[in-house]
Structure formats: structure tokens, C-alpha cells
Amino acid sequence: LQPIQIYFHALVLTEVIYTALLVGALCGLSWYLLKGQWVYLLGAAAALGLGSLIRSSGLLLPLFLLPLVLYGGWRSANDRRLRSALAAAIAFGLCYTGVLLPAMYRNYRLLGAFVPVRTGAGESLLEAVGPWADGGPGMQKIARPAYPPDANEYVRDRMDRQAAVDHIRSDP
């Protein structure tokens with residue numbers, strides 16, 4: 001192993017950072033469940049937001065963690081349990097969204113469409129379902145549709161997604 005190659009390998013760098021943020025978020029959520037302190041809940045939400053900016057596949061993870069957040073809010077209050085649970089869920093969601101908001105605004109300004117974290121799902125889907133799909137990486141094998149000259153990345157992503165859907169329909 002060459003340390004300099006590891007240091008400059010983009011996938012290693014993003015995976016290490018994402019994994020650290022994910023573990024930190026899960027630890028923060030666990031501490032919130034144990035201690036009931038909001039700082040841990042908000043820290044977990046912020047870490048999940050930063051993680052979603054690094055790996056867009058984590059975008060919906062907070063929805064799956066929401067029952068734990070509600071349970072932690074429910075446990076932390078002896079009276080008004082429902083109110084406490086809803087307050088915890090709202091604070092969690094607002095903090096998570098607050099971390100993503102600058103990227104969402106930037107994408108809206110650049111692309112003119114609501115893109116929470118990044119485009120690229122269409123290209124990835126096209127790579128996965130085309131006749132060239134063999135289970136390995138193959139972005140260089142993709143037969144992309146003809147893009148208009150003025151197409152931005154959002155339009156190209158939509159065209160790639162539609163080409164993938166068309167291929168799935170023609171060869172289920």
C-alpha cells in the first residue's frame with residue numbers, strides 16, 4: 001500500500017469521512033436516547049446532514065431514524081410526552097434540513113430545479129440497467145442519449161433516467 005495513493009484516492013477520502021459522520025450521528029442519537037439531552041440530537045442531525053452532502057445515498061436515512069427520535073422525545077418527558085416527541089422530531093428535521101439548505105439553494109440557482117444534494121442518479125441507473133451492465137463499473141460503456149447543446153446537468157440527468165426507464169420497458 002502506498003500512503004500517498006490512499007491519501008489522494010477520492011473514494012477512500014469520501015468513504016472514510018462519511019463513515020465517521022455516520023458513526024458519530026448514530027452515537028449522538030444513542031446518547032440522546034440515553035441522556036435525553038438535545039445537544040446530542042442536534043449533533044446527530046447535523047452529522048447526518050453533512051454525511052448526505054458527501055454521500056447522497058444517505059439522504060433518506062433520517063426518515064428511517066425518525067422513530068428513534070420520536071421515542072427519545074417520548075422517553076425524555078414524564079408529562080406531555082407527545083409534545084416532547086413532536087418537538088424532538090421537528091428540531092431534528094430542521095437541523096438536518098438546515099445543513100442541506102445551502103446546497104439546495106446553490107443547486108436551485110445553478111440548475112433551476114429542486115435538487116437536494118446532487119444529480120447523477122439517472123446516469124447511475126443507466127449504467128446499471130443497459131445491455132452493457134455486467135455487474136462491474138462501466139460508466140465508459142454507457143450509450144448516452146444525444147444531449148441538447150445547452151443542457152445543464154439536471155436536464156442530462158433527466159434524459160439519462162428516461163433512457164434507463166425506456167430500456168427497462170423495452171427489455172424487462
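Predicted model: local features only at pLDDT ≥ 70, side-chain atom pairs only at ≥ 80, totals over all residues.
User: What is the volume of the largest pocket, and which residues are closest to its centre?

Analyst: The largest pocket holds about 260 Å³ of space. It has 15 lining residues, and those closest to the centre are Arg118, Thr119, Ala121, Asp157 and Arg161. Two elements, α6 (121–129) and α7 (153–170), each give two or more residues to this lining. The largest contribution is that of α7, with 4 residues.

User: How do the residues of that lining divide into nonpolar, polar and charged?

Analyst: The lining of the largest pocket has 7 nonpolar, 4 polar and 4 charged residues.

User: Which residues line the second largest pocket?

Analyst: Its lining is made of Leu11, Thr14, Glu15, Ile54, Arg55, Ser56, Ser57 and Arg118. The volume of this second largest pocket is about 220 Å³. Helix α2 (residues 10–35) gives the most to the lining, with 3 residues. By class, the lining has 2 nonpolar, 3 polar and 3 charged residues.

User: How should I read a salt bridge, and how many does the structure hold?

Analyst: The general idea is that side chains of opposite charge can pair when their charged atoms come close. This structure holds 2 salt bridges. In one, the side chains of Arg55 and Glu15 meet, with 2.8 Å from N to O. The pair links distant parts of the chain, since Arg55 is in the loop between α3 and α4 (61–76) and Glu15 is in helix α2, 40 residues apart. Both Arg55 and Glu15 belong to the lining of the second largest pocket.

User: Are Arg55 and Glu15 buried, partly exposed or exposed?

Analyst: Arg55 has 30% relative accessibility, so it counts as partly exposed. Glu15 is partly exposed as well, with a relative accessible area of 27%.

User: Which residues form the other salt bridge?

Analyst: Arg161 pairs with Asp157, and their closest N and O atoms are 3.6 Å apart. For the spacing, the general idea is that an α-helix has 3.6 residues a turn, so residues three or four places apart point the same way. Here Arg161 and Asp157 are 4 residues apart in helix α7, so about one helical turn separates them. Arg161 is partly exposed, with a relative accessible area of 29%, whereas Asp157 is buried at 7%. Arg161 and Asp157 are also among the residues closest to the centre of the largest pocket.

User: How many cavities of 30 Å³ or more are there, and what lines the largest cavity?

Analyst: There is 1 cavity of 30 Å³ or more. About 40 Å³ of space lies in the largest cavity. Tyr18, Leu21, Leu22, Ala47, Leu48, Gly51, Ser52, Gly58 and Leu61 form its lining. Helices α2 and α3 are the elements that give two or more residues to this lining, and α3 gives the most, with 4 residues. The cavity lining has 6 nonpolar, 3 polar and no charged residues.

User: How does the span of helix α3 compare with the expected span, and which of its residues are buried?

Analyst: Helix α3 (residues 38–54) has 17 residues and spans 24 Å from its first C-alpha to its last, close to the 24 Å expected at 1.5 Å a residue. Its buried residues are Leu41, Ala44, Ala45, Ala47, Leu48, Gly49, Gly51 and Ser52. Of these, Ala47, Leu48, Gly51 and Ser52 also line the largest cavity.

Note on methods. Residues numbered from 1 in each chain as written. Heavy atoms only, no water. 1 Å grid on protein atoms, 1.4 Å probe; cavity = no way out; pocket = protein on both sides within 12 Å on 5 of 7 lines; lining within 4 Å. Points joined across faces, edges and corners; volume = space filled by probe spheres on them. Nonpolar A, V, L, I, M, F, W, Y, C, P; charged D, E, K, R; others polar. Expected span 1.5 Å × (residues − 1). Buried < 20%, exposed > 50% of the residue type's maximum accessible area, 1.4 Å probe, protein only. Salt bridge = Lys/Arg side-chain N within 4 Å of Asp/Glu carboxyl O.
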